[in-house]
Amino acid sequence: MRSTTPLGVLAFACAVAPVSAQTLMGSQAGVASQNFGAAVVSAGFQDADTYADLLVGSPGLGRVECISGRFLATGAGANVLWTITSSSSSAGFGSSIAAVGDLTGDGVTDFVVGEPLYKFNPFGSVTNGAVHLVNGASHTLVATIYGSSNTRLGGVVVSVNDQNGDGEHEVAVTALPTNTVDASQIHIISGAAFSGTKSLANASHTSLNSNGANEFGETLASGFDLNGDGKRDLAIGSPRMFGESGLLSVVSADGQYTTLAAYTGASQTKTAASISATHDYNGDGVVDFVVGAPGWSTNHAVEDGRALVLSGANLRTFSLPFELATFSIGTGSTHNRFGAAVRASADLNRDGVGDFLIGAPEYSTFTSAKRGQVAIYSGATLTKLATVFGASNERLGAVLLGALQDVNGDLAPEFVVAGPAACSGGLSCGVVKLYSLAPFPASTYCGGKVNSQGCTPAMGSSGFASASSTAPFDVSCSNALNLVNGLFFYSHAPQATPFQGGTKCVASPFRRTPLLGSGGIAGGVNCSGVLSYDFNARIQSGVDSSLVVSAEIFVQCWSRDSASASGTSLSNGLRFFINP
């Protein structure tokens, strides 16, 4: 259910307390210098089982492996279904991977793999870079296109679907220079050009650079249609441009490179170091952009990092505000590089709206260095759903795949994250992990109002909200005044507006529970009161038809406080999802 609350310009720094019930379903680690997980894409169903598989790049060893989804989800069977290896183990084969439809005409999806340090003359000193076509059926390299001299073609590869009407996917590819003189370029290569081995000059393509700047175009994203012409467009990230402010450029991918939108980051933030765009988060019918700015910090001295959700409609029309929301880990964090990776994901929390992930691969604690973390946010409400953390030196969150499929039957897809630099001692082994977001525990948000006795009523819960479980899900409000009446009121969207001397944390329209008594210790007014209510009983009673599996609920407690100016007391907010 989409929030109807106006978003405006919101800023979140741990606005919702992180929850911790996420389940690590399985993981696969690499060996020393492998960089396992530098690129991760869904490979579809590569064998006869019902589990979606993964293609995982290991540029440190120059190979791509098809990892079994069944093994990741259950630990059963072989972990690697097939492997394809480059002729050179040191040219970065597997740095990037993109699914490109059926370019070989055999009815099976094929893949383009980048090898940015490829040399056409393996005994020479000139770097060309290359992109290779992998046949999805035979699992063999069937075509190679290599770049011009002193370039690193293939550092990033994305499909832009069919742009010229020939039924083949076109492929957008970065080509950064190996020096500080030549220009960075973006090339869109015709899908029909992938046959045999040929130079980029002999392959049908178009090219774009920005006034010869060698800081242009370090990252790419597609999968969206901003101008509504029925074709995919292309987002280009240049995080080191303009004194590392960073530039997001959105252009048509038809070879004309018509500018559709642009956004320049704040000073020294490295904005657009990561980009993803698939969903409309504010309900205006236009795709919105999730953009990482890992260089951001309050004093520009350390890279705490942040991420932004930018309005596609406002970028398209150059109308303020561009920012729908900004996110950071919070104060007191340093060198986390939050926003080094972002990913717009399919719906993870079963509310019908796509969600998004933000990675902070350098996140550390006092006891564990470079753990990395990944924060998962609701696309409907732009609030944090969960956070997963890596182990020491895993640097989890440098690469994000997002939703894969529902493998455990909880009606929500599991998601994949990676840390290609994982390993102690700088060995860059790499790790890929599969997580389940459910069961969805409750979390608190917003702020309560201090009552006439100097106490702040606080929401809490016990158990999980469920449409079928016989166990209770008790929602409670402690630190309430004793021996007074109160109730819980709830809706499907949060809010933070002044109300009766406190904050109303629940958006209208809302519903109320029956009137409840706080109980507590008799003998004078005190804060021993507790209001409690079993929400599972309400969910399963059918009294409210909106309390269904996947619904997101925001609830707050109201109670009497006759000594206060308003005569009422308000708690903070509690947020939960209804599990199956």
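User: Is C429 buried or exposed?
Analyst: This is a predicted model, and in it C429 counts as buried, at 7% relative accessibility.

User: What is C429 bonded to?
Analyst: C429 forms a disulfide with C423, with the sulfur atoms 1.7 Å apart.

User: How many disulfides does the whole structure have?
Analyst: A search of the whole structure turns up 3. Number the bonded cysteines of the protein chain in sequence order and the pairing reads 1-2, 3-5, 4-6.

User: OK, which cysteine does C446 go with?
Analyst: C446 is joined to C505, at 2.0 Å from S to S.

User: How accessible are C446 and C505?
Analyst: C446 is partly exposed, with a relative accessible area of 32%. C505 is at 0% and counts as buried, since the cut-off for that is under 20%.

User: What about C455, what does it pair with?
Analyst: A disulfide joins C455 to C527, 2.1 Å from S to S. Here too, distant parts of the chain are linked: C455 is in the loop between β31 and β32, and C527 is in the loop between β38 (516–517) and β39 (529–534), 72 residues apart. The torsion about the S-S bond of C455 and C527 is about 100°, so that disulfide is right-handed.

User: Are C455 and C527 buried or exposed?
Analyst: C455 has a relative accessible area of 19%, so it is buried under the 20% cut-off. C527 is buried as well, at 18%.

User: Where's the nearest cysteine sulfur to C557?
Analyst: That would be the sulfur of C477, 3.3 Å away. C557 is in no disulfide, because the cut-off for one is sulfur atoms within 2.5 Å. C557 is buried, with a relative accessible area of 1%.

User: How many bridges join β4 to β5?
Analyst: There are 5, between β4 (residues 53–58) and β5 (residues 63–67), which run antiparallel.

User: Which residue stands opposite L55?
Analyst: C66, in β5. C66 counts as buried, at 0% relative accessibility.

User: Last stop, A78. Where is it?
Analyst: A78 is in the loop between α1 (69–74) and β6 (80–85). At 48% relative accessibility, A78 counts as partly exposed.

User: What does A78 contact, neighbours within four places in sequence aside?
Analyst: With those left out, A78 is in contact with S68 and F71.

User: And how far is A78 from W558?
Analyst: Their C-alpha atoms are separated by 55 Å, and A78 and W558 are 480 residues apart along the chain.

Technical notes. Residues numbered from 1 in each chain as written. Predicted model: local features only at pLDDT ≥ 70, side-chain atom pairs only at ≥ 80, totals over all residues. Heavy atoms only, no water. Helix = DSSP H or I, 4+ residues; strand = E, 2+ residues; numbered from the N terminus. Buried < 20%, exposed > 50% of the residue type's maximum accessible area, 1.4 Å probe, protein only. Contact = heavy atoms within 4.5 Å. Pairing = 2+ DSSP bridges.
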